[in-house]
Amino acid sequence: MYQLSFSLQEFLSEYWQKKPVIIKGGFENFQDPVTPEELAGLTLESDVDSRFVSNLNNEWKAEHGPLSEELFDTLGETNWSIIVQAANHWHEGAAELFKPFKQMPNWLFDDIMISYSVPDGGVGPHIDQYDVFIIQGQGKRHWRVGDIGEYEEEHRHGALKQITGFDPIIDQILEPGDILYIPPGFPHDGYALEPSMSYSAGFRSPKEQELVSNFADFIIENEKSDVHYHNPDLQAQTHGAEITTQSFEDLKAMMLNAMSDEQSLKQFMGEYLSNSRHHLNILPDSEKWTTEELLGYLQSGQALIKVAGVRAFYHETEACEDNMTLYVDGESYVFPLAVKNDVIALCETSEFTLLDIENLLQDPHSVSNLLQFVNIGYWFVESEEDEE
């Protein structure tokens, strides 16, 4: 189990979205959850989002996965990196790295990105628009971080969003267990001094533009606010080309009315925030479970395991006194409020048994929801091979 050596609350108060910092020994006695060979194996998979980046002789090259085994046969000992996004979706050990950050709002969490770099390997100076904790694994890596400002983009490769350079406010070497935190907008550049593993826990805040755009899509898809502008008190105008103040106010009120429906907004937020940006490692059974099979399995004392990366959230308060809504991977599921603690267990635990959801299993509608989760593949049965 990974544990932070510092108070997360104190960190949030002093550094979160304020300034970058290096926390020496942020993880005590850190052990890499993934080997370079395992990471290379993930880059060969078609469903895994991966990249290869090289900068030999300052000639930048980048290639999106799946990579080929032949590529690895041609690589030298310096100036290249392999990167896997959402590694926590595909590797159980990588998923463990998020657990120390679970006191953070989980809807902000995006993924665990892992990179392996040989000496002088990196992706060049760049700026990200999300918060990131970069955890140093094996090896050493030299990091430079600059201050927020205006920086010139440099197009050395179409797949790399780099900048020309910056003056560092942090210029240090990270060793195993050290953590570098970088808020959005701060330029940074890191390169390996020796064969090196880095683990980036990324937290991505939604943009206002994204929220508005996706809410508009939500309204259309759910056929909400499908009303036309009506004005039975329309008056003749001296200038027909004029948009009168009253017309403007009426149209604005229509738009604000669509944005003020709290139930629609809650449904949208839950579905939008629970939708994963990355592929999930879902392998549903070819034969669907029945209710009797599901209950029999749980009554035998065995556990159901959540697929890594599945996003399951609920709202703090509910407008309806009798029901609550669980949002899983972009969809809504209604449960009686009486089983709230069981629903929280579904959200916050990586696996559960009958003892964790005894109340939920007393409600046929809730059991139907759970059966749907299992048949979609969000929760699965641990096989004998996994147990070994």
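**Exercise 1.** With which residue does Asp110 form a salt bridge, and how far apart are the closest N and O atoms?

*Solution.* This is a predicted model, in which local features need pLDDT of at least 70, side-chain atom pairs count only at pLDDT 80 or more, and totals for chains, interfaces and linings use all residues. Residues are numbered from 1 along each chain as its sequence is written, and side-chain values use heavy atoms, with hydrogens and water left out.

Step 1. A salt bridge needs a side-chain nitrogen of Lys or Arg within 4 Å of a carboxyl oxygen of Asp or Glu.
Step 2. The partner of Asp110 is Arg277, with the closest N and O atoms 2.8 Å apart.
Step 3. The pair links distant parts of the chain, 167 residues apart: Asp110 is in strand 5 (residues 109-117), and Arg277 in the loop between helix 7 (262-274) and helix 8 (291-299). Helices (H or I, at least four residues) and strands (E, at least two) are DSSP runs, numbered from the N terminus.

**Exercise 2.** State whether Asp110 and Arg277 are buried or exposed.

*Solution.* Step 1. Buried means under 20% relative accessible area, exposed over 50%, and partly exposed in between (1.4 Å probe, protein chains only).
Step 2. Asp110 has a relative accessible area of 10%, so Asp110 is buried.
Step 3. Arg277 has 51%, so Arg277 is exposed.

**Exercise 3.** Describe the salt bridge between Lys252 and Glu249.

*Solution.* Step 1. The closest N and O atoms of Lys252 and Glu249 are 3.4 Å apart.
Step 2. Lys252 and Glu249 are separated by about one helical turn, because they lie 3 residues apart in helix 6 (residues 245-259).
Step 3. Lys252 is partly exposed at 34% relative accessibility, and Glu249 is partly exposed with a relative accessible area of 34%.
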